[in-house]
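Please keep the sequence and the structure in view while reading.

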Amino acid sequence: MNNLENFLIEPGKLCISNLKNIYFGKYESYVLCNETKRTMQQSVDNVKKLLSNENVKSVYGVNTGFGKLASSRIELQDLTTLQHNLIKSHCTGVGEFFDDSFVRLIAILKVASLARGYSGIRFEVLNSLLTLINKEYYPCIPIKGSVGASGDLAPLAHLVAPLIGIGTVRKNGKIISAIQALDECKLDKLEMQPLEGLSLLNGTQVSTAIALVSLFKLQTVMSACLEASAFSLIAIEGNTQPFDKRIHELRGHHGQMHVAEKMRNLLLEGIGNDYLNKSGRIQDPYSFRCLPQVLGACFEQISSIEKTLEIEANAVTNNPISLFETNEFLSGGNFHAEPVAIAADILAIISTEIASLSERRISILLDSNLSGLPPFLVNNSGLNSGFMIAQVTAAALVSENKSKSFPCSVDSIPTSANQEDHVSMATHAAYRLLEMTENTAYVVAIEFLAALQACDLRKIKGFSGKLLHVYKELRAKIEFYENDRFFSDDIKIAKEYIFENYR
């Protein structure tokens, strides 16, 4: 990672562009601003003050058990053991590990949240975690095992277990023991102080990280979808009147007006009116005509969810909260990831809608009765099947997305002997969204291929601006479909092009 800048973590001030850069590895290292030391120490002192009081009452997580065991009082001499037992017992994740980019984003979110100073955790604990990340020793975190309430307990336990010499770490793709990683990073095993283990495990950082990455990917696919649909409209010699700004101003939705403007600009700059409004149809099918209304609604929800996830990325989500200003400990439920779960559920619907609309346009391009083009977009059809089965693949992916669009946030399941009787399922909601977004990207990739094929069959010339750029780049990678050939690679190349060029 040469010639990259360092990132100064200022708690409460992370923005979406920062978060995207963290995930995509745009920073060389991560450093906490010095101001955090003072507030964090005040919170630690608040814990010490509580425990130094001989008449201290039971305070959840400080000198008690956890969850349903909150009524169990723990003696002072056992508090470090309590925190270590908590971390070890919560390392119950299963399945494949999150990749390094995810672990980096999760870790920085965790550090930024705790560094706000309301967790009773020491500065050096967070600094040790940052050292591992900066030296690219990424804790092995299994993907499955969180219900998104009381925080992402299991995955966060796997994140921080190496700090006490437990678990495994990945370095340059190779898995090594936590002890070896600490030795190579010249770090000592930490002795967790009261409340520290719980603060590290409580929080929504895993579900938030997955939802953020899904958001980034969906924004990318959305941008590509607009340009693919512009090629499709040109290919069917479609009607541009539905994008007239006066139509959308009369309804008043910002997203709808935004998408209509984007389409107008793409078409006007990209081809003008030479190949448009010539089909003889008074009205095109909804997948073309209602594109601003459908994708505009999606755009507005994406913008709203971006704000929700930015707030969550900066939030204090541990429990209890060490309120050092008033020497109090407040026990609540900021660890409940319902805002993330609902956001992920909405994004799942959006992903399905984008793919569904795209697949309908593909289908119209392939139907000679509607498009006026050769059947299945290939010359000598019959001998050649052309894009017939590519559309079937798109249909399969859309159907899969539909089946996965059921909201996970309503599928609560009680845990911890009914103490945690309503959970968010945010981690599952966000992770299933990742696969859905990949499906949607494949569908839009197929539309790109079909739309460019249709434009070539119609012998459309004179692309300019952004459309010309996209046309040239894709045609340099994927040639015109003259006769049947192995198709899967073309779809993969187009999908990779989307993620490389639209993020």
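The sections below treat the strands, the nonpolar core, the salt bridges and some details of the backbone.

## Basis of the report

The model is predicted, so local features need pLDDT of at least 70 and side-chain atom pairs count only at pLDDT 80 or more, while totals for chains, interfaces and linings use all residues. Residues are numbered from 1 along each chain as its sequence is written, and side-chain values use heavy atoms, with hydrogens and water left out.

## Strands and their pairing

Helices (H or I, at least four residues) and strands (E, at least two) are DSSP runs, numbered from the N terminus. Two strands pair if DSSP finds at least two bridges between them. Strand 1 (residues 5–9) and strand 2 (residues 27–32) run parallel and are joined by five bridges. Between these strands the chain passes through helix 1 (residues 16–23), and this β-α-β crossover is right-handed; that is, with the strands pointing away from the viewer, the path from the first strand over the helix to the second runs clockwise. Isoleucine 9 has leucine 32, in strand 2, as its bridge partner.

An open sheet of three strands shows antiparallel pairing in the order 4-6-7. Strand 4 (138–139) and strand 7 (174–177) stand at the edges with a single partner strand each, so one side of each has no neighbour in the sheet. Two bridges join strand 4 to strand 6 (residues 168–171), and proline 139 stands opposite valine 169 in strand 6.

## The largest nonpolar core

A nonpolar core is a set of buried Ala, Val, Leu, Ile, Met, Phe, Trp, Tyr and Cys residues joined through side-chain atoms within 4.5 Å. Here, buried means under 20% relative accessible area, exposed over 50%, and partly exposed in between (1.4 Å probe, protein chains only). The largest nonpolar core has 163 residues, of which Phe231 and Phe448 touch the most other members. Helix 9 (residues 205–235) gives the most to this core, with 20 residues.

Which residues does phenylalanine 448 touch, not counting those up to four places away in sequence? Among them are Ala224, Phe231, Val470 and Tyr502, where contact means heavy atoms within 4.5 Å.

## Salt bridges

A salt bridge is a side-chain nitrogen of Lys or Arg within 4 Å of a carboxyl oxygen of Asp or Glu. The whole structure contains 17 salt bridges. In one of them, the closest N and O atoms of arginine 170 and aspartate 100 are 2.7 Å apart. Arginine 170 belongs to strand 6 and aspartate 100 to helix 4 (residues 100–114), so the pair ties together parts that are 70 residues apart in sequence. Arginine 170 is buried, at 11% relative accessible area, whereas aspartate 100 is partly exposed, at 24%.

Aspartate 345 and arginine 432 form a further salt bridge (3.0 Å, N to O). Aspartate 345 lies in helix 14 (residues 338–366) and arginine 432 in helix 17, so this pair ties together parts that are 87 residues apart in sequence. Both aspartate 345 and arginine 432 are buried.

## Details of the backbone

The peptide bond from asparagine 319 to proline 320 is cis, with omega near 0°. Proline 320 is located in the loop between helix 13 (291–313) and strand 8 (321–323).

Asparagine 277 is not a glycine, yet its phi is positive, at about 60°. This asparagine 277 is in the loop between helix 11 (254–270) and helix 12 (286–289). Is asparagine 277 buried, partly exposed or exposed? Its relative accessibility is 39%, so asparagine 277 counts as partly exposed.
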